[in-house]
There are 2 protein chains.
Amino acid sequence: MTWVDEIKWTADGLVPAVAQDAADGRILMVAWMNREALQLTAETGSAVYWSRSRQKLWRKGEESGHRQIIKEIRLDCDNDVILLQIEQLGGIACHTGRRSCFYQRLEGDRWVAVEPVLKNPQDIYGKG
Amino acid sequence: MTWVDEIKWTADGLVPAVAQDAADGRILMVAWMNREALQLTAETGSAVYWSRSRQKLWRKGEESGHRQIIKEIRLDCDNDVILLQIEQLGGIACHTGRRSCFYQRLEGDRWVAVEPVLKNPQDIYGKG
């Protein structure tokens with residue numbers, strides 16, 4: 001029984017992972033990991049997720065350069081959520097070019113985008 | 001189409017919600033909400049989740065008094081994760097009596113509990 005075996009995976013073999021900026025506590029994103037992604041994250045010291053839409057490993061920053069350097073890995077009381085303390089290279093976690101994926105704030109009865117786009121996604125990922 | 005309709009619910013009609021202490025950015029817990037829980041959270045200003053184990057609404061703090069006062073509700077870029085900025089009454093979010101549910105830290109190849117129990121769970125929930 002290894003530390004990975006202690007995770008309570010979903011029926012699909014996944015666990016949600018919250019990425020928090022270790023410097024100032026900002027929550028940058030939530031994504032999913034399978035067993036291999038979590039092991040690679042721990043071994044390489046750089047966040048690896050499981051892309052549910054593409055059904056493959058997603059080495060965060062592989063295209064954008066916006067890698068997430070792991071400072072600490074935590075697990076919650078139910079063993080079913082991971083918390084990563086990270087350093088966000090490039091200062092951008094979101095594919096929209098914003099620092100955090102959580103840029104929509106509920107104001108009254110509507111969601112309002114309240115965070116600036118720091119870099120054009122076309123410039124992050126290329127136009128091809 | 002209301003703001004709740006914009007959420008991308010899972011097949012089970014749920015969305016994960018991260019609760020973050022608005023004062024210092026500490027991540028306290030991650031739980032699930034259904035449509036009614038999210039609406040009640042917004043309407044009452046106090047966090048309501050959906051308990052998957054008990055299959056019913058879970059008004060956080062109902063037994064313990066450890067309610068979570070909502071300061072802000074955010075949504076991520078994929079519209080499938082909620083982030084709550086909260087004030088944690090009683091300073092304890094976890095059913096183990098710790099401040100945060102994320103008290104297990106990966107050290108080498110094992111999980112180590114690194115946060116103190118602030119209150120005996122029996123004293124929080126009663127012994128009956």
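A:E115 pairs with B:R74 in a salt bridge whose closest N and O atoms sit 2.7 Å apart. The term stands for a side-chain nitrogen of Lys or Arg within 4 Å of a carboxyl oxygen of Asp or Glu. Side chains of opposite charge can pair when their charged atoms come close. By that rule, six salt bridges cross the interface of chain A and chain B.

Before going further, some ground rules: this is a predicted model, where local features need pLDDT of at least 70 and side-chain atom pairs count only at pLDDT 80 or more, while totals for chains, interfaces and linings use all residues. Residues are numbered from 1 along each chain as its sequence is written, chains are lettered from A and ligands numbered from 1 in the order in which they are written, and side-chain values use heavy atoms, leaving out hydrogens and water.

Strands come next, taken as DSSP runs of E with at least two residues, numbered from the N terminus. β7(A) is joined to β5 (residues 68-75) of chain B by two bridges, and the strands run antiparallel; strands pair if DSSP finds at least two bridges between them. Here B:R74 turns up again, standing in β5(B) opposite A:R105.

How do the two copies relate? Chain A can be laid on chain B by a turn of 180 degrees and a shift of 0.0 Å along the axis, with an RMSD of 0.0 Å. That is the relation of a two-fold axis. Within chain A, A:G25 comes closest to the rotation axis, at 2.6 Å (C-alpha). And 100% of the interface residues of chain A are also interface residues in chain B, so the copies meet through the same surface.

Finally, over all chains, the whole structure holds 20 salt bridges. One of them joins A:R35 to A:D5, with closest N and O atoms 2.9 Å apart.

Note on methods:
Helix = DSSP H or I, 4+ residues; strand = E, 2+ residues; numbered from the N terminus. Least-squares fit on C-alpha atoms with pLDDT ≥ 70 in both. Contact = heavy atoms within 4.5 Å.
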